[in-house]
Amino acid sequence: MVRQLDIAEKDRRLDKLHKKLHTFTDTSLYDYRVKHAYLPVPGEGSSNAQVMFIGEAPGEKEARTGRPFVGASGKQLDKLLATIGLSRENVFITSVVKDRPPKNRDPWPEEIALYGPLLLAQIGIIQPRVIATLGRYSLQYLLSRYKAPQAGQTISALHGKPIPVVEKYGNVIILPLYHPAVVLYGQKLRQALLDDFQVLKKLLRKKV
Ligand code: URA
């Protein structure tokens, strides 16, 4: 079992980790960042959060501000958090890829492979009880990282169903969620997200 860290130590370690993003220069996303004067988007929220939300990659507004989920999807995420009495300050929000892909294209496997270890390091510092993945990229990355038997199954089969995995610091639940952008695709997916947030609420109430 890994030593529990106090909040000041978590903040210090996260800060140091996030500065490393400025050395991620061996990727076309870096050239894109520099060309547009964008910022990397490490993530933000409580370093002591019980739940981490992990999206796919920053969009334009995120890359301009250096903050995760501050565009249209972020508005949806804020609303979903509010339905279970949470706000951005109580949770930690990030994405698996931390630089904006050109024209919001899907992240490439080599980009996920490059930024993924930084996400794993964030998880190791924050030590959340629940990891809520937003969309299929962070879900598949973490399922294969934790060698979960569900790896490769579709998000429509897995959403809202908690998946227990073991981290170095203890037991963790992965809760697969649709990406908040799906609310734009219709009422059915919006309702699925609302229902899955209720699953999250129950998981957070449970004692370990
Ligand atoms: N979508 C993501 O996956 N991450 C963000 O930060 C914004 C939109």
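Modeller: What follows takes the helices, the sheet and the pockets in turn.

Modeller: This is a predicted model, in which local features need pLDDT of at least 70 and side-chain atom pairs count only at pLDDT 80 or more, while totals for chains, interfaces and linings use all residues. Residues are numbered from 1 along each chain as its sequence is written, and side-chain values use heavy atoms, with hydrogens and water left out.

Colleague: Why are α1 and α5 called roughly antiparallel?

Modeller: Helix α1 (residues 7–19) and helix α5 (residues 109–126) pack at about 170°, with axes 9 Å apart. Axes are lines fitted to C-alpha atoms, for helices over the stretch in contact, and angles run from 0 to 180 degrees between N-to-C directions. Under 35 degrees counts as roughly parallel, over 145 as roughly antiparallel, 65 to 115 as roughly perpendicular and the rest as oblique; α1 and α5 are therefore roughly antiparallel.

Colleague: Which residues of α1 and α5 meet?

Modeller: On the α1 side they are K10, R13, L14, L17 and H18, and on the α5 side L118, A121, Q122, I125 and I126, where contact means heavy atoms within 4.5 Å. By class, this contact has six nonpolar, two polar and two charged residues; Ala, Val, Leu, Ile, Met, Phe, Trp, Tyr, Cys and Pro count as nonpolar, Asp, Glu, Lys and Arg as charged, and the others, Gly among them, as polar.

Colleague: What is the angle between α5 and α6, and what does that make of the pair?

Modeller: α5 and helix α6 (residues 136–145) pack at about 75°, their axes being 11 Å apart, which makes α5 roughly perpendicular to α6. The contact joins I112, G116, P117, L119, L120 and I123 of α5 to Y137, Y141, L142 and R145 of α6, and its classes are eight nonpolar, one polar and one charged.

Colleague: What makes β1 and β5 edge strands?

Modeller: The open sheet of six strands runs β1-β3-β2-β4-β6-β5, with mixed pairing, and two strands pair if DSSP finds at least two bridges between them. β1 (44–45) and β5 (163–167) each pair on one side only. β1 pairs with strand β3 (residues 92–95) in the antiparallel sense over two bridges, and E44 stands opposite I93 in β3.

Colleague: How many residues line the largest pocket, and which are closest to its centre?

Modeller: The largest pocket holds about 370 Å³ of space. Of its 18 lining residues, A57, P58, G59, S73 and N104 are closest to the centre. The lining divides into six nonpolar, six polar and six charged residues, and its largest share, three residues, comes from α3.

Colleague: What is the volume of the second largest pocket?

Modeller: The second largest pocket has a volume of about 260 Å³; its lining includes E56, D106, R136 and Y185, and divides into six nonpolar, two polar and three charged residues. A pocket is, on a 1 Å grid over the protein atoms alone, an open set of points where a 1.4 Å probe fits, with protein on both sides within 12 Å along at least five of seven lines, and lining residues have an atom within 4 Å of a point.

Definitions and conventions
Helices (H or I, at least four residues) and strands (E, at least two) are DSSP runs, numbered from the N terminus. Grid points are joined across faces, edges and corners, and a volume is the space filled by probe spheres set on the points.
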